[in-house]
Amino acid sequence: MTMPTAVALEDAKVAFRLGDGRVYTAVEKAHLTVAQGEFVAIVGPTGCGKSTLLNVAAGLLRPAAGSVKVFDRPLAELNRDAGYLFQADALFPWKTALDNVAIGLEVRGTPRAEALPRAQKWLTSVGLGAFASRYPHMLSGGQRKRVALAQVLIRDPKILLMDEPFGPLDAQTRQVMGNLLLDLWNADRKAVLFVTHDLEEAIALADRVVIMSAGPSSRIIGDWSVTLPRPRDIFEVRLDKEFHALHREIWSVLKDEVMKGYAQSTHAAEAV
Amino acid sequence: MTRVTLLSLQALVAVVCLVLWQLLSTVPVFGKVLLPPFFFSNPVDVFSQIVKWFSSGVIWKHLWITLVESILAFVIGSLGGVLIGFWFARQPLVAAVFDPYVKMVNALPRVVLAPIFALWLGLGIWSKVALGVTLVFFIVFFNVYQGVKEVSRTILDNGRMLGMSERQLMQHVYWPSALSWMFSSLHTSVGFAVVGAVVGEYLGSAAGLGYLIQQAEGVFDVAGVFAGMFVLSAFVILIDFGVTLVERRLLVWRPTASDGRG
C-alpha cells in the first residue's frame with residue numbers, strides 16, 4: 001500500500017544573496033518526499049542547510065528553483081497544514097503555559113472558554129498538567145519544549161516539522177522527550193520531517209534517515225529505511241543489533257561529510 | 001547584615017547629617033557660624049515649616065495640582081509615545097523620513113520650551129502638562145520603537161506558523177513586546193513627568209510644589225525652599241513606590257535577575 005505524499009521537495013534549490021552581492025547556494029537540487037504517516041529524519045553536518053530545507057517545507061522560505069508540493073498542491077505561501085517546532089525558544093514569554101497552548105486554537109477562532117480546557121488536556125498529556133499557570137521563564141528547558149510540543153499539536157497539523165527541537169537539552173532529557181514524541185506520534189501518525197545532527201536520535205525515532213552533504217551547495221546523498229519494529233523505546237532500541245548495523249553503515253557515509261564540514265569551517269575561519 | 005542593622009545604619013546617616021546641619025548653623029565655631037542661617041536655615045525651622053504647611057492644610061492643594069499635572073503628562077506622553085512608536089516601527093519609510101526631525105526635537109533641552117508653552121497655554125496646569133509630555137513622549141517613543149523592532153524572529157515565525165494573521169501578530173506578539181519595553185522605562189518616564197510639572201511650575205504658575213519653592217525663594221525664605229524640596233522628594237518616592245507595585249503586577253511574566261534560569 002502506498003500512502004499519499006504529504007510533502008514533496010522537487011529539485012528544490014535554496015540560495016541567499018549575500019551582503020556583497022554574491023549569491024550563496026545553501027542547498028542544491030534537493031529531492032525529498034515524506035509520505036503521510038511517515039517519520040523522516042534529516043541528518044547532516046553543521047551548516048549543511050538542513051534547517052533551510054525545513055523552512056522551505058514550512059513556506060517560510062521560497063526555493064530559488066524547483067518546487068514544493070504539499071499533498072500534491074504547490075505551496076504558494078505558508079504551509080497551513082504544518083506545525084513547526086523550533087530549535088530556539090519560540091513560546092510567547094508574556095503568556096502562561098496554558099495560554100501559550102490555547103493560542104493555537106484561539107487564533108483559529110475557537111472561543112477561549114472552549115480552548116482553555118483543551119489546552120489543559122494537552123498540557124497534561126505532555127506531563128505538565130500542574131504547570132498551567134507558569135510563565136515560560138519559570139520552566140526548565142525541557143518543560144518549555146513540552147509546552148512548545150503541546151502548542152503545535154493542539155492544532156492537529158497534518159505535517160510536523162521539527163528543527164533540532166531537542167538540540168539545546170541535556171542527553172537524558174532528550175531521550176525522555178524522544179519517547180514522549182514517539183508516544184504522541186503513535187496516536188495518529190502524522191507525517192514528520194525531523195532535522196537533527198544526532199544520527200543515533202535519527203535512527204531511534206525515524207522510519208527513514210536522509211543524509212545531507214556538507215555545505216555550501218549541499219545535496220541529499222543518502223536515504224536509508226529504518227525497519228526497527230514499532231512501538232519503539234528509545235532507551236531499548238539503542239541496544240538492538242540492527243540499530244548498530246544501520247548506525248555503522250550510515251556513519252561510514254556521514255563521517256566523511258562531517259570531516260569536510262569541519263575542514264570547511266576551519267578553512268573559512270583561517271581565511272578571515 | 002540583618003534588616004534591623006541596615007535600617008538603623010540608614011537612619012544613622014540621616015541623624016548625623018541633620019545634627020551636623022543644626023549644630024553648624026546655630027553654634028559658632030571659633031566665633032563664626034559656618035552655615036549662616038540666612039543661606040542654610042536649619043533643620044528645626046525647616047521641619048516646623050513642613051509641619052505648618054500640613055497642619056494648616058495649605059500644602060494639599062499644591063500637592064494635588066502637581067500630582068494632576070504629572071499624571072496628565074505621563075498619560076498623554078505615554079499614549080503618544082506608544083502610538084507613534086508603534087506606527088514608526090511598522091512603517092520604516094515613515095520612520096526614515098521623520099528620523100532627523102525626531103532627533104532634532106529630542107536634542108533640544110526641553111526647559112527652553114517652557115516659556116513658549118506658558119505663552120500658548122497660559123499659567124494654568126496645561127503649560128506644565130505640555131512640558132511633561134515632551135519629556136515623557138520621547139522616552140516611551142524610543143522604547144516602544146525598539147520593542148517592536150526587536151521582536152524575536154523565532155517568536156514571529158512561530159506566530160505565523162500557528163496561523164496568526166497580521167492583526168493577530170499585532171495583538172499577540174508586537175503589542176505585548178512593545179508594552180514590556182514601555183513598562184521597563186516606567187520609572188524614568190514617571191520621574192520625568194514630575195520633573196516637567198515642577199520645572200513648569202517653578203518658571204511661572206499659581207499653584208503646585210514648584211510654585212511653593214519659587215515663592216519661598218522670592219522672599220529669601222530659605223527654610224521654605226528646603227521644606228519644599230523635602231516634601232517634593234517624599235512625593236516622588238511615594239509615586240515611585242506606586243509605580244513599583246504596578247510594575248510587579250504587570251510584568252509577572254518577566255524573569256528577574258535573581259531568578260537564575262532566564
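I started with the contact, which takes 20 residues from chain B and 19 residues from chain A; two residues are in contact if their C-beta atoms, placed from the backbone, lie within 7 Å. On the side of chain B that touches chain A, α8 (153-161) and α9 (166-184) of chain B each supply at least two residues. I noted that α8(B) gives the most to that side, with 6 residues. By type, the side of chain B that touches chain A splits into 9 nonpolar, 7 polar and 4 charged residues. Here Ala, Val, Leu, Ile, Met, Phe, Trp, Tyr, Cys and Pro count as nonpolar, Asp, Glu, Lys and Arg as charged, and the others, Gly among them, as polar.

A reminder to myself: this is a predicted model, where local features need pLDDT of at least 70 and side-chain atom pairs count only at pLDDT 80 or more, while totals for chains, interfaces and linings use all residues. Residues are numbered from 1 along each chain as its sequence is written, and chains are lettered from A and ligands numbered from 1 in the order in which they are written.

Next, strands. Helices (H or I, at least four residues) and strands (E, at least two) are DSSP runs, numbered from the N terminus, and two strands pair if DSSP finds at least two bridges between them. In chain A, strand β1 (residues 5-17) pairs with strand β2 (residues 23-35) in the antiparallel sense over 9 bridges. I looked up A:L9 and found A:L32 in β2(A) as its bridge partner. The hairpin of β1(A) and β2(A) has 5 residues between the strands, and A:G21 takes a positive phi near 95° there. β1(A) also pairs with strand β4 (residues 65-70) of chain A, antiparallel again, over 5 bridges. On that side, A:E10 stands opposite A:S67 in β4(A).

Most residues other than glycine have a negative phi, and most peptide bonds are trans. A:D11, not a glycine, has a positive phi of about 50°, and A:D11 lies in strand β1 of chain A.

Is A:D11 buried or exposed? A:D11 is exposed, because 12 other C-beta atoms lie within 10 Å (20 or more would be buried, 12 or fewer exposed, in between partly exposed, with C-beta atoms placed from the backbone).

B:S41 is not a glycine either and has a positive phi of about 50°. B:S41 is found in the loop between α2 (37-40) and α3 (43-56) of chain B, and counts as buried with 21 C-beta neighbours inside 10 Å.

Last entry: the peptide bond from A:R230 to A:P231 is cis, with omega near -5°. I placed A:P231 in the loop between β10 (220-225) and α7 (234-237) of chain A.
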